[in-house]
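Keep the sequence and the 3D view open as you go.

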Amino acid sequence: AKICKKYVIFVRIMLMKKALKISLLLLAACMLLTSCASKYKKISVSDFEVESILPTSLRSCTVNVAVNINNPAPAFKVKEIEATVKRGGEVFGLVTADPVAIDGKSERTYHLPLQAQLAEGIGVIQLLTIYKSFNPEEFTLDLKARANVAGNIGKDIDYKDVPLTKFLKK
């Protein structure tokens with residue numbers, strides 16, 4: 001009976017050690033995930049410049065932009081990039097982009113082609129009139145994208161009514 005009690009005590013001690021190890025591993029994993037998440041919040045865009053605009057039809061064009069991104073976090077991929085351009089609250093055009101891989105722990109300028117298309121009801125004459133007296137303060141963007149860290153692990157990004165002036169060089 002004494003041997004049995006010692007064995008039970010030994011097993012309990014071993015189980016407590018194992019539970020403590022698992023708890024410490026879970027705590028370390030949570031701390032690691034939390035520290036990575038805070039780094040993703042520090043990603044910044046320091047420069048955005050329109051390099052060229054190439055018409056592809058009367059209602060669409062390719063806009064080549066240069067975006068300088070400072071990423072202190074691990075690498076990730078941005079896909080399903082879509083933006084709705086609004087003028088005075090009315091839809092003016094739609095913009096899409098191909099997926100882009102953002103390098104980890106780096107600051108780099110990315111050259112991206114954006115596909116832009118005028119919304120229904122917006123004509124070439126209206127576009128030329130706006131171009132003549134362009135005021136970026138009249139425009140806002142609704143942005144949607146998905147940022148993936150690994151495989152399908154990621155986060156949906158959704159911004160509404162972002163002023164266009166936030167993206168243009170001053």
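This is a predicted model: local features need pLDDT of at least 70, side-chain atom pairs count only at pLDDT 80 or more; totals for chains, interfaces and linings use all residues.

Residues are numbered from 1 along each chain as its sequence is written, and side-chain values use heavy atoms, with hydrogens and water left out.

**Overall layout**

The protein chain has two helices and eight strands, where helices (H or I, at least four residues) and strands (E, at least two) are DSSP runs numbered from the N terminus. Read from that end, the order is α-β-β-β-β-β-β-α-β-β. Of the 170 residues in the protein chain, 24% are buried; buried means under 20% relative accessible area, exposed over 50%, and partly exposed in between (1.4 Å probe, protein chains only). The protein chain exposes about 12,500 Å², with carbon and sulfur atoms supplying 64% of it; these areas come from the Shrake-Rupley method with a 1.4 Å probe, and for residues only the protein chains shown count as cover. Among contacts (heavy atoms within 4.5 Å) between residues at least 6 apart in sequence, 59% join residues at least 24 apart.

**Two cores**

A nonpolar core is a set of buried Ala, Val, Leu, Ile, Met, Phe, Trp, Tyr and Cys residues joined through side-chain atoms within 4.5 Å. Which members of the largest one touch the most others? Among its 16 residues, they are V63, V65, V78 and I102. At least two core residues come from each of β2 (60-71), β3 (76-87), β5 (100-102), β6 (106-118) and β7 (139-150), and β2 gives the largest share, five residues. A second, separate core has nine residues, including V85, L118, F139 and L141.

**Strand β2 and its partners**

Eleven of the twelve residues of β2 are buried, so this strand is largely enclosed by the rest of the structure. Two strands pair if DSSP finds at least two bridges between them. On one side of the account is β1 (residues 44-55), which pairs with β2 in the antiparallel sense over ten bridges; the two form a hairpin with four residues between them. I53 has V63 in β2 as its bridge partner. β2 also runs antiparallel to β6, joined by twelve bridges, and V67 has Y110 in β6 as its bridge partner.

Leaving aside neighbours within four places in sequence, V65 is in contact with F48, E49, V50, E51, Y110, H111, L112 and L114. T62, also in β2, counts as buried at 18% relative accessibility. With residues up to four places away not counted, T62 touches S52, I53, L54, T56, P113 and L114.

**Aromatic rings**

Rings of Phe, Tyr and Trp (its six-membered ring) pair if their centres lie within 6.5 Å; planes under 30 degrees apart count as stacked, over 60 as edge-to-face and the rest as tilted. The structure holds two aromatic pairs. F92 and F139 form an edge-to-face pair, 5.4 Å centre to centre with 80 degrees between the planes. F92 is in β4 (residues 90-97) and F139 in β7, 47 residues apart. F92 is buried at 10% relative accessible area, and F139 is buried at 4%. Together with F134, these two form one aromatic cluster.

**Salt bridges**

The structure holds five salt bridges, each a side-chain nitrogen of Lys or Arg within 4 Å of a carboxyl oxygen of Asp or Glu. Three of them are listed here.

| D161 | K86 | 3.8 Å |

D156 lies in β8 and R146 in β7, ten residues apart. D156 is exposed at 53% relative accessible area, whereas R146 is buried at 18%. Salt bridges that share partners join K86, D142 and D161 into one network.

Most residues other than glycine have a negative phi, and most peptide bonds are trans. E80, although not a glycine, has a positive phi of about 55 degrees; E80 lies in β3 and is exposed at 53% relative accessible area. K105, also not a glycine, has a positive phi of about 50 degrees. K105 is found in the loop between β5 and β6 and counts as exposed at 60% relative accessibility.
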